[in-house]
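Visitor: Could you take me through how the two chains of this model meet, one point at a time?

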2 protein chains.
Amino acid sequence: MASLGELERAVMDLLWAGQEAATANTLRDRLAQTSAGQDGAAGHEGKELAVTTVLTVLSRLEKKGLVERERGTRPHRYQAVSSREDHTAELMHEVLGSAPDREAVLARFIGSVSEGEAETLRKLLGHL
Amino acid sequence: MASLGELERAVMDLLWAGQEAATANTLRDRLAQTSAGQDGAAGHEGKELAVTTVLTVLSRLEKKGLVERERGTRPHRYQAVSSREDHTAELMHEVLGSAPDREAVLARFIGSVSEGEAETLRKLLGHL
DNA sequence: AGTTGAGTTCTACAAAACGTAGAAGATCTG
DNA sequence: CAGATCTTCTACGTTTTGTAGAACTCAACT
C-alpha cells in the first residue's frame, strides 16, 4: 500500500506545500486553481470538485497513515504526518528494502546521481 | 505505472532469480511450489495456476517494459529486461525524481542506512 | 496433406483501488 | 430552535490486477 492515485497525490502536494494544516474546503479551492501554468506538460485543469470528494480522499490518506487530522476544531484541519522529504526518503527505503542485494542496488543508484548530489552525499557520509 | 500486483511481483521474482529465459509453463510450475517455507509471514500457498493466467501476466509485464520475450522459439521464452538491482535502482530514482528538493531527501535517506552500507557508499563516491 | 497437440492470443469476468459525489446525520451560530 | 456548515455513510463508474475459458496457430506425425 505504497502508491497513490492522481488525486491523492495532488492533495498530498498541497498539504506538503502549505506549512499550516488546511481544511477540506481550502484544499478544494486550491485544487481548483491548479496552475493553468505556462508550459505544456499536461497540467490538469482547474476542475471544481465536490467537498465530499476531497474529504473521502483525505480519509483514505489518513487510513494510509499519510495524513492526520485535528478532530477537535470544527472544520477539521488536515496536515501531512511527515514532510515530503521524509516521506520520499521512507519510500526509497521501502523500495530498497525489498531487494536481497542492497549494496548492489546502491551501487547502481549512485552511478546515476548528478555530480552536485554526489558531492552532497560525500559530505553527509563524511562526518561519521 | 510503476507498481506491480502480487502475482506480477512473484513472476518477476522468478525471472530475476533464474538467469535463463523461462517459458510460461516453467514459471507456472515454479509458482506452484512457492516455498511452503518454515517461518510464518504469510507466504502464498503453492496454488496451481492456469497457464493462460501466467501468460496474461507476462503480457502485461511486457507492456510495462519489464519483460521481453523471444518470439522466434515456439514456446516463447521470457526474461526480465533488466536485473532486479537495476530495476530497483531505477525505481529509487523514480521516487526521488518526483521530489522538488532532491538533496534534502538524500540527506534523510542517508540518515538511515546501516554503517556497512554507508561505508560502501563512501567507496563508490570516493574515486572521482 | 490432414490430424493432433502444445502454445498463444482474444475475450471476459471478479475483486480491489481510486475518483467522484449525493443523502443523511452531527454541530455550530445566531 | 432554524439555518448554515461540516462530516460520515453509502454508492457507483473506471482502472488495475487476478484468473481463466475459447478460439486460433503452428509444427510434427502419420
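Guide: What follows is a set of questions and answers on the interface of this predicted model.

Visitor: Which residues of chain A lose the most area to chain B?

Guide: The two chains bury about 3500 Å² between them, with 72% of that area on carbon and sulfur atoms. On the side of chain A, three residues lose the most area to chain B and together account for 18% of what that side buries. These residues are M92(A), F109(A) and L125(A).

Visitor: How many salt bridges are counted between chain A and chain B?

Guide: One salt bridge joins the side chains of R102(A) and E117(B), with 2.5 Å from N to O. Polar contacts between chain A and chain B come to 12 residue pairs, and the salt bridges between these chains number four.

Visitor: Which helix gives the most to the side of chain A that touches chain B?

Guide: Helices α4 (84-97), α5 (102-110) and α6 (115-126) of chain A each supply at least two residues of the side that touches chain B. By class, that side has 19 nonpolar, seven polar and 10 charged residues. The helix that gives the most, with 10 residues, is α4(A).

Visitor: How are the two copies related, and which C-alpha of chain A is nearest the axis?

Guide: Chain A is superposed on chain B, with an RMSD of 0.1 Å, by a rotation of 180 degrees with 0.0 Å of shift along its axis. The two copies are therefore related as by a two-fold rotation axis. The same surface serves both copies, as 100% of the contact residues of chain A recur in chain B. In chain A, the C-alpha nearest the axis, 2.8 Å from it, is that of M92(A).

Conventions: Residues numbered from 1 in each chain as written. Chains lettered and ligands numbered in written order. Predicted model: local features only at pLDDT ≥ 70, side-chain atom pairs only at ≥ 80, totals over all residues. Heavy atoms only, no water. Buried area = accessible area lost by both parts, 1.4 Å probe. Polar contact = N/O pair within 3.5 Å; in protein donor to acceptor, adjacent residues only side chain to side chain. Helix = DSSP H or I, 4+ residues; strand = E, 2+ residues; numbered from the N terminus. Nonpolar A, V, L, I, M, F, W, Y, C, P; charged D, E, K, R; others polar. Least-squares fit on C-alpha atoms with pLDDT ≥ 70 in both. Contact = heavy atoms within 4.5 Å.
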